[in-house]
Amino acid sequence: MQEIAKLAGVATGTLFLYADNKRDMAYLATADDFGRALDEAGSVPTDATYIDQIVACWRPYFVMHNANPEMAKIILSEFLFFAGKQARRHGEGVAGMKAEALRRALRCQQRGELVSTVPAAEIADLSYYLFQGVVRRWVQTGAIDVNEGLAMFHRALSLGLSGLKVQPAR
């Protein structure tokens with residue numbers, strides 16, 4: 001916090017008016033980027049497959065992490081649990097992305113693309129969990145190519161949503 005205060009040209013105590021700790025400062029520093037990414041997700045067309053929609057929705061997050069892979073490592077290691085003055089905003093963003101995935105899953109179930117025997121909320125949660133795993137693995141490898149990260153996410157979603165069960169011969 002002292003280094004951040006020095007770079008900002010303020011007293012360390014001033015930082016604590018806005019953030020409780022280093023994690024909370026990271027929330028504050030990235031809140032606008034995460035907000036823009038959420039806004040972009042809402043504008044993704046709904047006529048593609050569920051997987052293509054979800055990959056497109058999460059694309060801004062890959063772009064954001066690609067812009068600064070070192071900051072992405074900090075963010076992804078710090079953002080597992082939401083605590084602090086700024087954490088609520090980030091938690092609301094996560095809830096917003098899950099709600100977007102849920103809205104899209106419901107629509108795809110209604111049009112017969114996704115099975116209706118699995119609750120759409122579980123499909124949305126699975127999509128979020130897969131994103132969390134893939135983006136971390138991608139950032140660990142250097143987050144060099146956004147399209148490579150998106151392809152990894154697409155493969156994970158395809159596998160997760162198609163399952164591994166052998167279908168009986170008819």
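**Close-ups of a predicted model**

**View 1. Leu-114 and the residues it touches.** Leaving aside residues up to four places away in sequence, Leu-114 touches Tyr-50, Ala-105, Cys-108, Gln-109 and Ile-123. Keep in mind that this is a predicted model. Leu-114 sits in the loop between helix H6 (87-110) and helix H7 (120-140). Is Leu-114 buried or exposed? Its relative accessibility is 14%, so Leu-114 counts as buried, the cut-off being under 20%. Thr-49 is 65 residues apart from Leu-114 along the chain, yet their C-alpha atoms are separated by 9.5 Å.

View 2. Searching the whole structure turns up 10 aromatic pairs. Take Tyr-61 and Phe-131: their ring centres are 6.0 Å apart and the planes meet at 65°, so this pair is edge-to-face. Tyr-61 belongs to helix H4 (residues 50-67) and Phe-131 to helix H7, so to speak a link between distant parts of the chain, 70 residues apart. Both Tyr-61 and Phe-131 are buried.

**View 3. Phe-62 with Phe-153, a tilted pair.** Here the rings of Phe-62 and Phe-153 are 6.0 Å centre to centre, with 35° between the planes, and the pair is tilted. Phe-62 comes from helix H4 and Phe-153 from helix H8 (residues 146-162), so the pair ties together parts 91 residues apart in sequence. Phe-62 is buried, with a relative accessible area of 0%, and Phe-153 counts as buried at 0% relative accessibility.

Terms used: Residues are numbered from 1 along each chain as its sequence is written. This is a predicted model: local features need pLDDT of at least 70, side-chain atom pairs count only at pLDDT 80 or more; totals for chains, interfaces and linings use all residues. Side-chain values use heavy atoms; hydrogens and water are left out. Helices (H or I, at least four residues) and strands (E, at least two) are DSSP runs, numbered from the N terminus. Buried means under 20% relative accessible area, exposed over 50%, partly exposed in between (1.4 Å probe, protein chains only). Contact means heavy atoms within 4.5 Å. Rings of Phe, Tyr and Trp (its six-membered ring) pair if their centres lie within 6.5 Å; planes under 30 degrees apart count as stacked, over 60 as edge-to-face and the rest as tilted.
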